[in-house]
Amino acid sequence: MASTVIGAGIIIEGEITTDEDVVVQGTVRGKVTAKEAVTIQQGATVEADVIGGGLVVAGTLTGNITASDRVDLQAGARVVGNVKAARVTIADGAQFKGNVDMDV
Amino acid sequence: MASSVTVIGRTTRVRGRLSGDGDLQIEGLVVGEVVTSGNVTIDAHGIVGANVRGRRLVIRGAVQGDLLGEEAVVLEDGARVVGDVRAPRVAIAHGALMRGAVQTGDDGAAQPVVRAQASAKPALAPPRVVAPQARANAVAVVKPPAPIAKSASSISSGPAAAPRRPPPPVVPVLKKTKGQVLKKKER
């Protein structure tokens with residue numbers, strides 16, 4: 001599926017809404033709403049609340065995460081914010097500060 | 001890293017400023033200024049409701065705003081532009097619609113664009129208007145009415161009555177998205 005890519009070096013200040021996958025390599029400030037997977041790659045900076053189907057974080061994220069499926073914080077990720085998802089994984093080496101809310 | 005391409009996909013809507021380095025390909029909707037040091041391509045499905053600035057701009061979609069190219073601006077078939085165009089080289093292909101002032105030449109980037117008066121005369125534009133040399137006057141090149149309007153919402157009122165004033169390029173209404181509009185955050 002076609003997807004949206006925010007390349008390294010690009011800064012978006014505002015709101016992103018999409019029905020497709022989003023890959024962030026650059027900087028996003030504002031809000032991200034996606035129906036599919038959101039990937040925040042290493043080197044990316046996101047200062048935004050993120051709503052998505054699934055979320056993979058390897059970069060820096062400041063904001064609350066809401067995912068309908070799962071959230072994976074990978075090694076090297078740096079996340080400050082609350083996470084709400086059906087399933088959450090935090091890899092060894094990920095930095096995280098916030099609350100986790102899973103469907104228990 | 002430096003050659004990364006940013007793609008705003010078809011179903012993606014961006015409300016806010018988009019800036020930085022690297023090439024941009026816009027297939028969705030962007031309401032907010034677009035500034036990059038790289039090239040910008042606005043796809044046939046792309047809609048931008050603000051000024052666009054880049055090195056080389058290739059437009060196949062709709063833009064409501066000024067286009068500033070540090071190298072060139074190319075309006076291709078299917079482009080709909082309402083706004084001024086300024087670049088050392090400007091090309092308007094057959095089938096592109098635009099309304100606004102055009103300024104070509106190397107000095108174009110430095111000078112303020114003078115808005116074209118109501119005398120937007122339909123120039124008999126060759127299929128490709130490329131002005132390599134600087135032209136003193138800003139020339140508004142407006143094509144005659146296209147035989148088939150691209151957008152469904154176009155209203156072609158009296159095409160025969162006023163042949164010298166082609167209907168304006170139809171730019172889709174940008175504010176019909178139902179999502180909540182971003183509260184302006186100053187950062």
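A:I16 counts as buried because it has 28 C-beta neighbours inside 10 Å; a residue is buried if 20 or more other C-beta atoms lie within 10 Å of its own, exposed if 12 or fewer, and partly exposed in between, with C-beta atoms placed from the backbone. This is a predicted model, in which local features need pLDDT of at least 70, side-chain atom pairs count only at pLDDT 80 or more, and totals for chains, interfaces and linings use all residues. Residues are numbered from 1 along each chain as its sequence is written, while chains are lettered from A and ligands numbered from 1 in the order in which they are written.

Let me stay with this residue. A:I16 is found in strand β2 of chain A. Helices (H or I, at least four residues) and strands (E, at least two) are DSSP runs, numbered from the N terminus. Which residues does A:I16 touch, not counting residues up to four places away in sequence? They are A:V22, A:V28, A:V32 and A:T33 in chain A, together with B:T12 and B:V14 in chain B. Contact here is defined by C-beta atoms, placed from the backbone, that lie within 7 Å. The C-alpha atoms of A:I16 and A:T33 are 6.1 Å apart in space, with the two residues 17 apart in sequence.

A:I12 is found in strand β2 of chain A as well. A:I12 counts as buried because 28 C-beta neighbours are inside 10 Å. Between A:I12 and A:T27, 15 residues apart along the chain, the C-alpha separation is 6.3 Å.

I turn now to the pairing between the chains. Strand β2 of chain A, residues 10–18, pairs with β2(B) in the antiparallel sense over eight bridges; by definition, two strands pair if DSSP finds at least two bridges between them. Within this pairing, A:I10 stands opposite B:G20.

How many residues of chain B are in contact with chain A? There are 25, and they meet 24 residues of chain A. On the chain B side, β1 (5–8) and β2 (13–20) each supply at least two residues. The largest share of that side, eight residues, comes from β2(B). By class, the side of chain B that touches chain A has seven nonpolar, 11 polar and seven charged residues. In this classification Ala, Val, Leu, Ile, Met, Phe, Trp, Tyr, Cys and Pro count as nonpolar, Asp, Glu, Lys and Arg as charged, and the others, Gly among them, as polar.

Next, the fold of each chain. Chain A has zero helices and 15 strands, and 46% of its 104 residues count as buried. Chain B comes to zero helices and 16 strands, and 43% of its 187 residues count as buried. For contacts between residues at least 6 apart in sequence, those joining residues at least 24 apart make up 1% in chain A and 24% in chain B.

Parallel pairing can be followed through chain A. Strand β3 (residues 21–24) and strand β5 (residues 37–40) of chain A run parallel and are joined by three bridges, with A:V22 partnered by A:V38. β5(A) also pairs in the parallel sense with strand β7 (residues 54–57) of chain A, over four bridges. There, A:T39 has A:V56 as its bridge partner.

The largest nonpolar core has 65 residues, and those with the most contacts inside it are A:V32, A:V46, A:V57, B:V30, B:I59, B:L67 and B:L75. Such a core is a set of buried Ala, Val, Leu, Ile, Met, Phe, Trp, Tyr and Cys residues joined through C-beta atoms within 7 Å. Strand β10 (residues 67–75) of chain B gives the largest share, five residues.

Finally, confidence. The model scores ipTM 0.87 and pTM 0.70. Chain A averages a pLDDT of 94, with 98% of the residues scoring at least 70; pLDDT is the predictor's confidence in each residue, from 0 to 100. Chain B averages 73, and 55% of the residues score at least 70. Over residues 110–162 of chain B the pLDDT is below 50, and beyond near neighbours in sequence this stretch has 75 contacts in the model.

Definitions and conventions. Two residues are in contact if their C-beta atoms, placed from the backbone, lie within 7 Å.
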